[in-house]
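Subject: Handing over a structure, with notes

Dear colleague,

I am passing this structure on to you, and I would be grateful if you could look through it before reading my notes.

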Amino acid sequence: ISFFTRLNFEPGVTSEVLGIIFSAGTLIIFSLIGYKLSILKNKFIFPFITLALVFNYDYNVWATSGLEVSFATFLLSSAFYIYFFTELSYNKRLLYSGFFICIGLMVRPDIMLILLFLNFLLFIKNLFDKSGFIKLIKVHCLFNLWVVLIYLPYFLWRFNYYGFIFPNTYYAKLGYEIAFKQGLIYLWMYFKCHFTSFLILVPFLFICSAILKHGVKKFFLNKELAPLFTALSVVLVYLICFVAKVGGDFMYARFIILCVPFIYFVIVYSLVLIDFKHLNVVLLIVLSLSGVETLIRINMFIERDEKGNENAVFQNGIADERYYYLYFSNTDKDVANGKELKERLKDIKYKGLIVGTQARFAYYAGFSYCQDYFGLTDTLIAHTVIKERGRVGHEKSASPEYIESKKINFIFFTDSFDGRLMKNDFYRTAEINLKTGPIKMEIFTYDSVLMGKLEKRLGNDFRYTNFPNYLDSYIIDSLPKISSSDKLDLDYNKFYAYYFKNNIDPRRENVFIQKRKELMIQDFVH
């Protein structure tokens, strides 16, 4: 994305286009696999894997998500194809498949689990094959060569720069915790909708019978069974040891898409191996059920009110990201707002706080400093300890005290914060009118110099409460009526955090200090 941005392509559009390209690449790979299976069995095999992916609602959703999902899926699919379905020499298959796994590891750190498991399978295979120690070392060196040459230097640089083993989001989203209950709910929500994927359980019986028939050693050395066992075991290990373990994600199906092509492959390949008589008929029937799956999926996160209007709903803290972005968010407007704000404020520096869906606005607005509320870009928030689990991916957040310590000037789109950061003081409310409409904000820490610049630059398009003027009114109208030092302390502490701490204003502040002395003497006398 950085490369294409350098060439003046829009990063948002670039990410979507790349997602579609890599998603299509995965379709091509499994089409080739289907073609080779047809040649192997010398008969036409219905292209179930390709078409099942085409009709899989969530596979297509994540193709245009802008995230890394389709890229990571393509890389694993490429490695799988190269190792099991090309005519290359064994050493080249190890080397090339290892390269794609290495790049996948840089895209998604959780692929490390798959890498380790594949090394385990290679070790078992060579152990049964009695390859000898030298050959065993050579096999693993070839397979992991790119990890040593590319990933290891990258990892050492990253660790030296950031100071942590994993990316910041791993800590922010509690990837180190065990949350099997939520994780199993996440898996169940996918499989109960995409119920044809339950057919992945059928190969269990086939594999068990194969092991009983041939023995464990011959089973591991059987080249025909190797693709089936590898795909099935990798899927199960990944879904259980990663997806279920971390509690899944708040984005529906996101972590499962990586496995979806391999789930379909396992279903088809197991039926091919047992030479099922009516294979194509069964595959066509199963594929036709994708329409039912889509119907279930579309209605999973939608509820209708008495008037028939649609409303998005969360299930177990999990959301349909596509539905949210299509109907409750406006990408074009956010981008336009950001660009206009950047153009109008240009050289004025200010600090802003946003939540995830506002990141695109912040990117184009070009804040001098941008704080993410959920700690995705903040190591202190990401490494805080929480007492209770909440919604996956949203369990850690910035405290008001922390935001004050960062001297954040504005919280943008304040209706997105469900009241956790809002101070509910009317004088904090602000608004900037742009061509596309007003941007509502909360002034979190007041900077007189900054406010003066904004007022001068934006004129009537910037609406806010001039706090020094408000203090003057407070001192005249409200301060004389205060008879309790506790009440005064409450107001002064708010004013201090908001204004006095960040602005030099001894004249107004001394009024409060003097009033407090008077109240303390009064309390002492009484």
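What follows is a description of some helices, a sheet and several loop residues.

Please keep in mind that this is a predicted model, in which local features need pLDDT of at least 70 and side-chain atom pairs count only at pLDDT 80 or more, while totals for chains, interfaces and linings use all residues. Residues are numbered from 1 along each chain as its sequence is written, and side-chain values use heavy atoms, with hydrogens and water left out.

To begin with the helices (DSSP runs of H or I with at least four residues, just as strands are runs of E with at least two, both numbered from the N terminus), α2 covers residues 11–41. Its 31 residues should span 45 Å at 1.5 Å a residue, and the end C-alpha atoms are 45 Å apart, which agrees; the expected span is 1.5 Å times one less than the number of residues. Just after α2 comes Asn 42, which takes a positive phi of about 55°.

Helices α6 (residues 90–107) and α8 (residues 133–143) pack with their axes 7 Å apart, at an angle of about 40°. That makes α6 oblique to α8, where angles under 35 degrees count as roughly parallel, over 145 as roughly antiparallel, 65 to 115 as roughly perpendicular and the rest as oblique. On the α6 side the residues that meet α8 include Leu 94, Leu 95 and Ile 101, and their counterparts in α8 include Val 139, Leu 142 and Phe 143. The residues of this contact divide into seven nonpolar, three polar and one charged.

The sheet is open and has six strands in the order β4-β3-β5-β7-β6-β8, with mixed pairing; two strands pair if DSSP finds at least two bridges between them. Its edge strands are β4 (369–372) and β8 (462–463), each of which pairs on one side only. Strands β3 (residues 351–354) and β5 (residues 410–412) run parallel and are joined by two bridges, with Leu 353 opposite Ile 411.

Strand β6 (residues 429–434) is largely enclosed by the rest of the structure, because five of its six residues are buried (buried means under 20% relative accessible area, exposed over 50%, and partly exposed in between, with a 1.4 Å probe and protein chains only). A hairpin through two residues joins β6 to β7, and six bridges link these antiparallel strands. Ile 432 stands opposite Ile 439 in β7, while its bridge partner in β8 is Phe 462.

Turning to the loops, Leu 67 and Glu 68 are both found between α4 and α5. Leu 67 is partly exposed, at a relative accessible area of 34%, whereas Glu 68 is buried at 19%. Leaving aside residues up to four places away in sequence, Leu 67 touches Trp 62, Met 251 and Arg 254, and Glu 68 is in contact with Val 107, Arg 108 and Arg 254; contact here means heavy atoms within 4.5 Å.

Most residues other than glycine have a negative phi. Leu 174, in the loop between α10 and α11, has a positive phi of about 60° although it is not a glycine, and counts as buried at 2% relative accessibility. Ala 253, in the loop between α13 and α14, likewise is not a glycine and has a positive phi of about 70°; its relative accessible area is 1%, so Ala 253 is buried.

With best wishes

Note on methods: Axes fitted to C-alpha atoms, helices over the stretch in contact; angles between N-to-C directions. Nonpolar A, V, L, I, M, F, W, Y, C, P; charged D, E, K, R; others polar.
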